[in-house]
Amino acid sequence: MRAVIVAAAVAFLVSLFCTPIGIKIFRALKAGQPIRAVGPATHQGKKGTPTMGGVVFIIATVIAYVAGHVALTTLPEAQIAQVRPTVTALVLLGLFVFCGAVGFLDDYLKVRKRNSLGLSARGKLIGQLLVGTVFGVIALYFPSTNGETVGSTYISFIRDIHALDVGKVVSVIIFVLVVMGASNGVNLTDGLDGLATGASVMVLGSYALIAFWQYRHWCGDRAYSGAGNYCYAVRDPLEIALIAGAAAGACVGFLWWNTSPARIFMGDTGALGLGGLIGGLAMASRTMLLLLILGGLFVIITMSVVIQIISFKTTGKRVFRMSPLQHHFELAGWSEVNIVVRFWIIAGIGVAIALGLFYSEFLTATS
């Protein structure tokens with residue numbers, strides 16, 4: 001637990017104190033956020049606010065991961081089975097950094113062209129596809145010494161469902177789809193000050209709790225002898241907890257500056273990076289379907305876009321005044337702060353239900 005706390009604390013402090021430096025740098029580079037003319041009129045006041053802030057909390061998370069491993073080395077090795085960096089960390093941090101890099105390219109093009117177009121939708125999807133495929137292959141084809149891989153060939157809910165073995169090739173495809181879905185879900189949720197950041201903190205913090213619980217009841221721990229030897233078959237649960245905790249801490253530090261009125265935006269750099277990491281956490285912790293509940297806000301907002309597109313293309317009518325959903329409520333007269341806080345409540349409800357299901361499954365299995 002010490003390593004997870006150290007990582008979260010270091011990430012928080014680095015992000016909190018380095019974000020103002022990032023604000024000055026991005027202002028000097030004239031990396032201001034272009035605002036769509038078709039968006040809500042109130043957003044025009046945000047024009048020129050520095051973007052690409054995701055760079056700060058991505059770097060903070062990587063630094064915190066290193067700090068967490070330094071903390072691990074202070075423990076007797078007999079107490080810890082994951083002192084050295086693992087393939088799990090390579091996959092999760094790789095998704096975070098390289099999905100963020102796709103977003104950074106999008107942000108850079110927006111800033112350079114001085115408009116909100118940036119990277120084309122096709123280009124963005126191709127970038128996500130390539131990143132997801134590379135790390136999906138690593139996750140499924142590089143086992144540890146005990147045969148465990150980061151990803152699984154089984155469909156998972158709270159753990160692997162052994163009746164649903166889809167094989168490695170299909171599993172890589174599913175891995176890519178989950179990463180792309182989560183990445184775009186967080187990206188669509190971004191757009192109001194602090195909305196995506198706060199929701200991501202809840203989801204990342206939940207994954208830190210889930211993964212640490214898995215570590216305390218881990219099949220890879222030879223000393224574990226829980227009720228009925230009930231354990232979680234996950235490759236490196238402590239690594240998952242450490243990275244999730246670090247990312248959550250980094251986002252909290254960033255939220256200090258990102259909350260309304262935002263002094264910096266995470267941009268697609270942060271949104272795509274966070275979504276890629278969250279998708280990876282779901283696959284690594286074997287909670288793929290649970291992510292639909294845990295990230296319920298992201299699902300709702302994504303579905304609002306899908307519904308709007310289908311309705312307009314089939315009937316010529318719009319279901320919402322504007323999509324994603326948060327902009328519908330803006331046009332309905334809700335203040336930005338009200339929307340953000342109420343959407344955070346929705347995100348919190350999803351997280352609470354998911355954690356309740358996770359823990360109740362453990363109680364049921366061990367009773």
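**Close-up views of a predicted model**

**View A. Helix 10 packs against helix 12.** Helix 10 (residues 296–315) and helix 12 (residues 336–366) pack at an angle of about 120°, their axes 7 Å apart. Here, axes are lines fitted to C-alpha atoms over the stretch in contact, and angles run from 0 to 180 degrees between N-to-C directions. Residues are numbered from 1 along each chain as its sequence is written, and side-chain values use heavy atoms, leaving out hydrogens and water.

**View B. Side chains where the helices meet.** On the helix 10 side you will find Leu297, Ile300 and Ile301, which meet Phe343, Ile346 and Ala347 of helix 12 (contact means heavy atoms within 4.5 Å). By class, this contact has six nonpolar, no polar and no charged residues; Ala, Val, Leu, Ile, Met, Phe, Trp, Tyr, Cys and Pro count as nonpolar, Asp, Glu, Lys and Arg as charged, and the others, Gly among them, as polar.

**View C. The whole fold.** Step back and you can count twelve helices and two strands; helices (H or I, at least four residues) and strands (E, at least two) are DSSP runs, numbered from the N terminus. Along the sequence, they follow the pattern α-α-α-α-β-β-α-α-α-α-α-α-α-α. The C-alpha atoms fill a box of roughly 60 × 50 × 35 Å, taken along the principal axes.

Conventions
Predicted model: local features only at pLDDT ≥ 70, side-chain atom pairs only at ≥ 80, totals over all residues.
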